[in-house]
Amino acid sequence: MMSTKFTRTALFISSFKRVPCLSDNSLRRNLSNTSSRWAEVGFIGLGNMGSRMAANLLSKGHKVTVFDVNSMAINTALKQGATNASSPAEIASKLKTIVTMLPASQHVTEVYNGQNGIFNSMKPGTLMLDCSTIDANVSRELATLAEGRSAVFMDAPVSGGVGAAQAGTLTFMVGGGNKDHFDRAKGVLQDMGKNVVYCGAAGNGQAAKICNNMLLAIEMIGVSEAMNLGMKLGLEPKLLLEIINMASGQCWTSKVYSPVPGTMENVPSARQYSGGFGTALMSKDLGLAMDAASQVKAPTPLGSLANNLYKLMVNSGFAPKDFSSVFQFIQGAAKNK
């Protein structure tokens with residue numbers, strides 16, 4: 001039985017009925033001649049990101065088959081025009097392109113290689129696109145296992161958050177396979193995003209993602225500290241944010257994702273830090289970055305501090321809140337001094 005931990009995960013599956021791929025050469029030829037317009041896409045896990053990505057696939061004309069342990073999420077997708085399946089294994093036995101989006105490495109490993117996993121029922125020539133943010137070594141291991149089964153696994157983590165998932169403007173960082181595999185993957189991914197970037201070998205997409213998220217965490221903490229300081233010095237928060245965005249301190253966080261309530265609309269801080277990218281997930285990604293840094297002996301002094309701060313937030317009840325709630329956490333810490 002699939003764990004209920006997959007409630008917030010996403011697995012997208014598409015098939016092309018006229019692609020009898022039994023070897024890498026035949027896969028390469030067929031991938032280059034296949035249009036994403038023919039794709040039947042399955043979507044497993046309809047969480048904050050997945051539900052919006054599935055909706056974009058439907059709106060782009062894909063036939064979408066969904067699976068999730070959350071019946072309410074399934075019902076919503078069905079109302080949007082999707083159909084449902086009983087498991088990832090069932091979908092993999094019928095369809096030829098699989099995209100997964102799961103919370104952590106252990107979930108990805110189970111979905112691919114577990115009792116009801118994809119590897120147990122997939123067809124030769126299957127193209128798998130994992131949009132999870134996980135350990136790059138796990139991605140490399142799965143790529144090797146897929147190759148041994150005459151299939152292709154590519155890591156394709158995303159950046160942009162719920163807003164970009166809703167708008168269809170996500171950035172995908174893709175590793176593994178070759179250019180022909182990437183061209184095929186891009187045909188599906190570009191219907192859920194704005195930027196699809198090929199990063200090279202298996203695991204490189206994950207490497208790019210954890211570097212980006214480490215920087216994002218540092219950036220969010222910096223903006224939160226600066227805003228809290230300015231407000232304590234008597235500055236009106238909207239004015240301070242406007243000044244920052246006209247000056248050298250401007251960044252994506254200050255311009256697009258303000259952590260300060262009342263300074264920006266349609267962001268988590270405007271709705272009590274609900275939705276968005278959870279603090280627990282940011283903490284997980286920072287842990288991955290620290291593990292990778294340790295493996296290659298790369299110094300990350302600010303990354304380490306960010307990792308410790310988000311761990312403390314998780315242990316202080318902030319886990320389900322958006323990661324921009326670090327501003328709220330900092331304010332609380334200041335009040336307790």
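**Exercise 1. Salt bridges**

Task: Determine how many salt bridges the count gives in this predicted model, and identify the residues that form them.

Solution. The criterion requires a side-chain nitrogen of Lys or Arg within 4 Å of a carboxyl oxygen of Asp or Glu. By this rule the count is three salt bridges.

- Step 1. Glu 90 and Lys 94 form a salt bridge, with their closest N and O atoms 3.0 Å apart.
- Step 2. A salt bridge joins the side chains of Lys 179 and Asp 183, at 3.1 Å from N to O.
- Step 3. Lys 284 and Asp 285 are linked through their side chains by a salt bridge of 3.0 Å, N to O.

As a general principle, side chains of opposite charge can pair when their charged atoms come close.

**Exercise 2. Pairs within a helix**

Task: State where Glu 90 and Lys 94 lie, and how many residues apart Asp 183 and Lys 179 are in their helix.

Solution. Each pair is taken in turn.

- Step 1. Glu 90 and Lys 94 both belong to helix α4, which covers residues 88–94. They are four residues apart, about one turn of the helix.
- Step 2. Lys 179 and Asp 183 lie in helix α8, residues 179–189. Because these two residues are four residues apart in α8, about one helical turn separates them.

**Exercise 3. Exposure of the paired residues**

Task: Classify Asp 285 as buried or exposed, and then assign classes to Lys 284, Glu 90, Asp 183 and Lys 179.

Solution. Buried means under 20% relative accessible area, exposed means over 50%, and partly exposed lies in between.

- Step 1. Asp 285 has a relative accessible area of 2%, so this residue is buried.
- Step 2. Lys 284, its salt-bridge partner, is at 22% and therefore counts as partly exposed.
- Step 3. Glu 90, at 24% relative accessibility, is partly exposed.
- Step 4. Asp 183 is partly exposed at 35%, whereas Lys 179 is exposed at 58%.

For the protein as a whole, 53% of the 337 residues count as buried.

**Exercise 4. The surroundings of Leu 58**

- Step 1. Gln 80 is 22 residues from Leu 58 in sequence, with a C-alpha to C-alpha separation of 7.7 Å in space.
- Step 2. After α2 comes Gly 61, which has a positive phi near 100°.

**Exercise 5. The packing of α9 and α10**

Task: Describe the angle at which α9 and α10 pack, and state which residues meet.

Solution. The geometry is treated before the contacts.

- Step 1. Helix α9 (residues 204–232) packs with helix α10 (residues 237–244) at an angle of about 130°, and their axes are 10 Å apart. The two helices are therefore oblique to each other.
- Step 2. The crossing of α9 past α10 is right-handed.
- Step 3. From α9, Ala 226, Met 227, Gly 230 and Met 231 meet Pro 237, Leu 240, Leu 241 and Ile 244 of α10.
- Step 4. Sorted by class, this contact contains seven nonpolar residues, one polar residue and no charged residues.

Note on methods: Residues numbered from 1 in each chain as written. Predicted model: local features only at pLDDT ≥ 70, side-chain atom pairs only at ≥ 80, totals over all residues. Heavy atoms only, no water. Axes fitted to C-alpha atoms, helices over the stretch in contact; angles between N-to-C directions. Parallel < 35°, antiparallel > 145°, perpendicular 65-115°, else oblique. Left-handed = near helix turned anticlockwise from the far one by under 90°. Contact = heavy atoms within 4.5 Å. Nonpolar A, V, L, I, M, F, W, Y, C, P; charged D, E, K, R; others polar. Buried < 20%, exposed > 50% of the residue type's maximum accessible area, 1.4 Å probe, protein only.
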